[in-house]
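Okay everyone, have a look at the structure that's coming up.

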Amino acid sequence: MIRALLAGRRWTSLRLRLLMVFCLVALTAAVSAPGIAYWLNREAVLTRVQDAALGDFRQEMQNRAAALPADPTAEELQRTAELMAGSSPGYSVLLVQVGKDNRQIFGAAGPDSFGLANVPKSLQNAVNDRQKTTAANDSEYHVYWQRTKPHGNPYLVGGTRIVGGGLTGYMYKSLAQERDDLNALGWSLTIATGLALLGSALLAQAAARTVLKPVQRLGDAARRLGEGELDHRLDVSGTDELADLSHTFNKTAEALEKKVADMSAREEASRRFVADMSHELRTPLTALTAVAEVLEEEVEDLDPMIAPAVALVVSETRRLNILVENLMEVTRFDAGTAKLVLDDVNVADQVTACIDARAWLDAVELDAERGIVVRLDPRRLDVILANLIGNALKHGGSPVRVSVTVEGEWLVIAVQDNGPGIPEEVLPHVFDRFYKASASRPKSDGSGLGLSIAVENAHIHGGDITAANVAGGGALFTLRLPVDVGKVIAGDEGA
C-alpha cells in the first residue's frame, strides 16, 4: 500500500518536499528536546542517588568503622556492617580487614549478596592507593565509585579506607529503581515525540494543501491554456503573492488569446485572399491558356522575330496555370477541406502510368514488384510521385531510380536521383513552401510548392516523406503510406 502511494506521487513534487521538510524539522525538534530532557533528568537522578549514597557511606565509615579497634574480630566487623547497612538508604556494606596473620576478615550485610568479587579491580586499586598529603590534599585515602552492570543490572559500587591503615569498606547499591523510572520517562518522551511527529505531519499536510492548492490550480490552468483553452481564467481571491501571480496569469492569458485571435483572423484573411485570388485568376487563365494553345500551333508560321516571344508567353502561361492550381491545392489543405477518394490501386501500374504520362520512361528506372495492391487515393498518389520524380530529374539528373516495397503494414516508395545530393543546410527546409535551394536561380521553373504539396498529400493518407543523402551520391526521398489508408483514418477518427 505504501509502495503504491509513493508510486503515485513523484519524489520531486513540491507537496512531498514540503511535507518532508516539515517532518524533518518536527522530528529534529521532537527528538532533540526530549533527548536533552532525558539526558539532563538521567544525570540529575543518578547524581542525586549517587551523592546521597556515597555521602551516607562516608559518614558511616567515619562514625562506625573508624570506632573499631585496630584488630577487630569477624563478629565485630559483621555487627558494624549490619549497623551501617541498617541505617543506609538501601545499599549493602562490605568491610574488609587484614589480620596480623595477613588473613582477610570480612563483614557483609545489606539487601544484596555482596562480596569482594563484585568490586572491580580498578576500584580496589584506587581505594587502596595511599596518596601523599599536601596542602591541596589533606587525606591519604578518598572515596571512589564506579557504575557496573553485573548480569545486566545497574549497580553503584563505592569504597574507601580508614586513614592510618585501618580497614577498607565498600558499598553496593542497586540502581534498578532509577533505571525503571528513567525507562518510564524515556517511553513517555518517545510517545510524546511520536505524537508531535504525527501532529507535524498533519500540520504539514494542511499547510501544503493551503499553500499548494493555488499553485495546483495555476498549473491546471496553464495546462488547459497549453491545450488550447485560451478563454480559461483563474478565480482570484486575497492579496498575497499567489493572488498577484493569478492576476498576472489572467492578464497573460487574455493577451495571448487576443494575439492568437488576431493571428487567426489574419491567417484566415490571407487564406481567403489566396483562395479568392486563385479562383479569380482561373477565368482569365482559361482564356489565356486557350489563346496560348492556338499560338503554339501557329508558332511555325509566325515571323521568326515573334516566335520566341510567343513561345515565352505559352511557357509562362502554363507555369502560371500550374502555380494557380498549386495555390488552390494548398488553400484546401490549410482550410481542412482536402478529402481522400480511396480506391484499390496496383502500385506498379500507378507508378508506370505516372512516368509514362510525363514522358519520363527513358530517364527513370523502376523496380516494383507486380501485384502490390493498396487502398489509397490514386490521384493524390500521382501528385506525390510526379513531384518527387520531377524534382529528382530537375535537380538531380537521370537516371532516377524508383523502388516499391512493402514493409509490414506500410507501402514504401523510394526515389533516388543521380545528382550531387542536397546540401546539409537545405535538408531541413526541402518541404517548406516557396523554399528554393539555390538562391542564385530565383527564376526557376518550379513554384516552390511541389514538395510541400507532396508531403501534405502523404500526411492526409496518414503517412510521411523523408529526405536524405545517399552515401554514394544523390538525394533519396522515401514515401511511406499505410497499405490500407481506410483503416488508419477510421482508427484516428475513433481515437
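So, a definition to begin with: the expected span of a helix is 1.5 Å times one less than its number of residues. Helices (H or I, at least four residues) and strands (E, at least two) are DSSP runs, numbered from the N terminus. And a heads-up: this is a predicted model, where local features need pLDDT of at least 70 and side-chain atom pairs count only at pLDDT 80 or more, while totals for chains, interfaces and linings use all residues. Residues are numbered from 1 along each chain as its sequence is written, and side-chain values use heavy atoms, with hydrogens and water left out.

Now, helix α5, residues 176–226. Its 51 residues should span 75 Å at 1.5 Å a residue, and the end C-alpha atoms sit 70 Å apart, which agrees. Where does α5 bend? At L212, by about 40 degrees, and a proline, P214, follows within four residues. The bend here is the angle between axes fitted to the seven residues ending at a position and the seven starting there.

L212 is also one of the buried residues in α5, and others include E178, G186, S200 and L225. Buried means under 20% relative accessible area, with exposed over 50% and partly exposed in between, using a 1.4 Å probe and protein chains only. Just after α5, G228 takes a positive phi of about 110 degrees.

On to strand β5, residues 168–174. Here 6 of the 7 residues are buried, so β5 is largely enclosed by the rest of the structure. Two strands pair if DSSP finds at least two bridges between them. β1 (residues 92–98) runs antiparallel to β5, with 5 bridges joining them, and L95 stands opposite G169. β4 is antiparallel to β5 too, with 7 bridges; there, Y155 has S174 as its bridge partner.

Last, the rings. Phe, Tyr and Trp rings (six-membered ring for Trp) pair if their centres lie within 6.5 Å; planes under 30 degrees apart count as stacked, over 60 as edge-to-face and the rest as tilted. How many aromatic pairs does the structure hold? There are 4. In one, F114 and Y172 have ring centres 4.5 Å apart and planes at 5 degrees, so they're stacked. F114 is in the loop between β2 and α4, Y172 is in β5, and they're 58 residues apart. Y155 and Y172 are stacked as well, because their centres are 4.4 Å apart and their planes at 5 degrees. Put together, ring pairs link F114, Y155 and Y172 into a cluster. F114 and Y172 are both buried, and so is Y155.
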